[in-house]
Amino acid sequence: MANKGPAYGMSRDVQSKIEKKYDDELEDRLVEWIVAQCGAAVGRPERGRLGFQVWLKNGIVLSRLVNSLYPDGSKPVKIPDAPPTMVFKQMEQIAQFLKAAEDYGVVKTDMFQTVDLFEAKDMAAVQRTLMALGSLAVTKNDGNYHGDPNWFMKKAQEHKREFT
């Protein structure tokens with residue numbers, strides 16, 4: 001935000017460790033999946049952490065992504081006609097995505113906080129959430145996933161056995 005100065009000491013060390021977790025190759029794979037899933041209308045970000053953050057920041061791309069994983073007629077996130085310009089509306093759009101992703105099956109421990117994306121505090125957490133969402137979509141295999149299924153790991157599924 002506007003009143004945040006540079007980090008020193010331990011704060012700087014912690015922030016640099018968080019930033020080292022960000023994966024540029026994973027960013028490329030996630031962008032490819034989002035474009036394949038939502039269509040070319042979502043555009044493409046500039047390469048790098050900042051471009052990725054700016055692309056996702058208003059919540060519209062994320063909302064389109066999670067809506068595309070549901071069948072027609074049951075879209076969990078309402079997308080406004082014009083992208084939100086006010087900060088609290090953008091953060092609210094991100095929060096709606098997070099709620100829809102949790103309802104889809106992403107566990108709480110894989111979720112990022114709204115501020116992680118909005119202020120670019122922890123973009124690696126955003127990547128982890130999108131990876132978990134993609135893995136769930138591949139695992140469900142309900143016909144709503146678009147893209148290469150090898151981009152994500154399939155989650156383990158329960159296979160009960162009964163012995164006599």
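What follows is a conversation about an annotated domain, charged pairs and aromatic contacts in this predicted model.

Trainee: Which residues does UniProt list for the Calponin-homology (CH) domain?
Mentor: The unreviewed UniProt entry lists residues 24-137 for that domain, and in the model this span is 61% helix and 0% strand, with its end C-alpha atoms 22 Å apart.

Trainee: How many salt bridges does the structure hold?
Mentor: As a general idea, side chains of opposite charge can pair when their charged atoms come close. Here there are six salt bridges, one of which joins aspartate 103 to lysine 99, with the closest N and O atoms 3.0 Å apart.

Trainee: Where do aspartate 103 and lysine 99 lie in the helix?
Mentor: Both belong to helix α5 (residues 87-104), and because they are four residues apart, about one helical turn separates them. Lysine 99 counts as partly exposed, at 47% relative accessibility.

Trainee: In the salt bridge of arginine 128 with aspartate 122, how far apart are the closest N and O atoms?
Mentor: They are 3.9 Å apart; arginine 128 is partly exposed, with a relative accessible area of 45%, whereas aspartate 122 is buried at 14%. Lysine 108 and glutamate 102 form another salt bridge, at 3.5 Å between the closest N and O atoms, and in that case lysine 108 is exposed at 61%, while glutamate 102 is partly exposed at 32%.

Trainee: How should I read aromatic pairs, and how many does a search of the whole structure find?
Mentor: Read the distance between ring centres together with the angle between the planes; the search finds six pairs. Among them, tryptophan 33 and tyrosine 145 are stacked, at 6.2 Å centre to centre and 25° between the planes. This pair links distant parts of the chain, since tryptophan 33 is in helix α2 (residues 24-38) and tyrosine 145 is in the segment after α7 (123-140), 112 residues apart.

Trainee: Is tryptophan 33 buried or exposed?
Mentor: Tryptophan 33 is buried, with a relative accessible area of 0%, and tyrosine 145 is buried at 15%. Tyrosine 145 also pairs with phenylalanine 152, their ring centres being 6.3 Å apart and their planes at 80°, so this pair is edge-to-face.

Trainee: Which ring does the charged end of lysine 57 sit over?
Mentor: Lysine 57 has its charged end over the ring of phenylalanine 118, 4.7 Å from the ring centre, and lysine 140 lies over the face of tyrosine 104, at 3.7 Å from the centre of that ring.

Definitions and conventions
Residues numbered from 1 in each chain as written. Predicted model: local features only at pLDDT ≥ 70, side-chain atom pairs only at ≥ 80, totals over all residues. Heavy atoms only, no water. UniProt positions renumbered as here; feature names shortened; annotations may be inferred. Helix = DSSP H or I, 4+ residues; strand = E, 2+ residues; numbered from the N terminus. Salt bridge = Lys/Arg side-chain N within 4 Å of Asp/Glu carboxyl O. Buried < 20%, exposed > 50% of the residue type's maximum accessible area, 1.4 Å probe, protein only. Phe/Tyr/Trp six-rings, centres within 6.5 Å; stacked < 30°, edge-to-face > 60°. Lys NZ or Arg CZ within 6 Å of the ring centre and 35° of its normal.
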